[in-house]
Amino acid sequence: RDPWGYGNEDGPDAWHKDYPIAQGNRQSPIDIIPEEAVHDASLSPIFLSYDYCNSINIYNNGHSVIVEFDDTDDRTVIRGGPLDNAYRLKQFHFHWGGKGNHGSEHTVRGKTYASELHLVHWNAAKYKTFGEAAAGPDGLAVIAIFLEKGDEHRGLHKITDAFYMVKFKGSVADFKGFNPKILLPNSLVYWTYPGSLTTPPLHESVTWIVLKEPITVSEKQMGRFRMLLISGEEEDDRTRMENNFRPPQPLKGRKVRASSN
Ligand SMILES: COc1ccc(CNS(=O)(=O)c2ccc(S(N)(=O)=O)s2)cc1
Ligand SMILES: [Zn+2]
């Protein structure tokens, strides 16, 4: 398969050539219009059981920077909300822009944020492996958290301080003991809708849970994201990793539901 990316030739508008599902009926991200979201009182709060959470490593796959977790048991799960059972945390990663306040994938009435954090969970109660879950209609649940430009976020420091170890595509480093609970905003009020992975293979397997309240990130911290490269160490070019976001996709009649707490 042709390598995909976010450039002019290999970017989101070209992905459908290798991944026809890109033009499917439940693609992500979307523009969320709060007034049109259906307020569903039956939507329970989401519960994050992240207490025994332990990160393993941090790596640069040339598209984003990813922190991976041990998902061999149910120690780190989310449940409740739109989910029928517990989903295990597999990894989290980010999408961000260049200068300014664009860079998020989901938008709210057209408003973009400087970055968006995705906490990727899979339905281990129903699927044997992550790969199988990623291809199933109810296989994944991703919590999206907006990062708004503002004061620096103390919880993010540990992550941005580790970026020098994974500057190049394909680099990986130990990153143990990080608990993403410290990246959560005060409120877990959310929007939820059925969607897809926002990068190839674009599987339509994601129940999206988008938190309404953003966390803040400073310009200095965003600068650390933009020192990451999409190029490998052995390559001559040094291309910065930035603007790694897919634009909003057609809603195609989907309902976005809003939680009350
Ligand atoms: C079976 O082969 C596979 C299965 C799954 C993947 C994608 N990898 S992944 O699931 O971590 C994600 C990609 C994009 C994500 S986003 N931005 O929507 O949160 S999550 C690759 C190969
Ligand atoms: Zn993502």
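**Close-ups of the zinc site and pockets**

**View 1. Lining of the largest pocket.** Strand S7 puts in the largest share of this lining, with five residues. Keep in mind that you're looking at a predicted model, where local features need pLDDT of at least 70 and side-chain atom pairs pLDDT 80 or more, while totals for chains, interfaces and linings take in all residues. Besides S7, at least two lining residues each come from strand S5 (65-69), S9, helix H2 (130-134) and strand S10 (140-149). (Helices of at least four residues and strands of at least two are DSSP runs, numbered from the N terminus.)

**View 2. Centre of the largest pocket.** The volume here is about 480 Å³, taken as the space filled by probe spheres set on grid points joined across faces, edges and corners. Ile 66, Gln 91, His 93, Leu 197 and Thr 199 sit closest to the centre, out of 27 lining residues. (A pocket is an open set of points on a 1 Å grid where a 1.4 Å probe fits, with protein on both sides within 12 Å along at least five of seven lines; lining means an atom within 4 Å of a point.)

**View 3. Zinc ion (ligand 2) and its donors.** Three histidines hold on from the protein side: His 93 (NE2), His 95 (NE2) and His 118 (ND1), at 2.0 to 2.1 Å from the zinc ion. (Donors are N, O and S atoms within 2.8 Å of the metal, or 3.2 Å for Na, K and Ca.) Angles among the four donor atoms run from 100 to 113°, making the site tetrahedral, a label that needs four donors with all angles between 85 and 135 degrees.

**View 4. Where the donors sit along the chain.** The spacing reads H-x1-H-x22-H. His 95 belongs to strand S7 (residues 87-96) and His 118 to strand S9 (residues 115-122), so this pair, 23 residues apart, ties together distant parts of the chain. Both His 95 and His 118 are buried, meaning under 20% relative accessible area with a 1.4 Å probe on protein chains only.

**View 5. Second largest pocket.** Its volume is about 350 Å³. Of its 18 lining residues, Trp 4, Gly 5, Asp 10, Gly 62 and Ile 230 lie closest to the centre.

**View 6. Zooming back out.** The chain carries four helices and 15 strands. Its C-alpha atoms fill a box of roughly 55 × 40 × 40 Å along the principal axes, and 52% of the 261 residues count as buried. Residue numbers start from 1 along each chain as written, chains are lettered from A and ligands numbered from 1 in written order, and side-chain values use heavy atoms, without hydrogens or water.

Terms used:
Four donors count as tetrahedral if all angles lie between 85 and 135 degrees; four count as square planar and six as octahedral if opposite donors are over 155 degrees apart and all others between 65 and 115; anything else is irregular. Buried means under 20% relative accessible area, exposed over 50%, partly exposed in between (1.4 Å probe, protein chains only).
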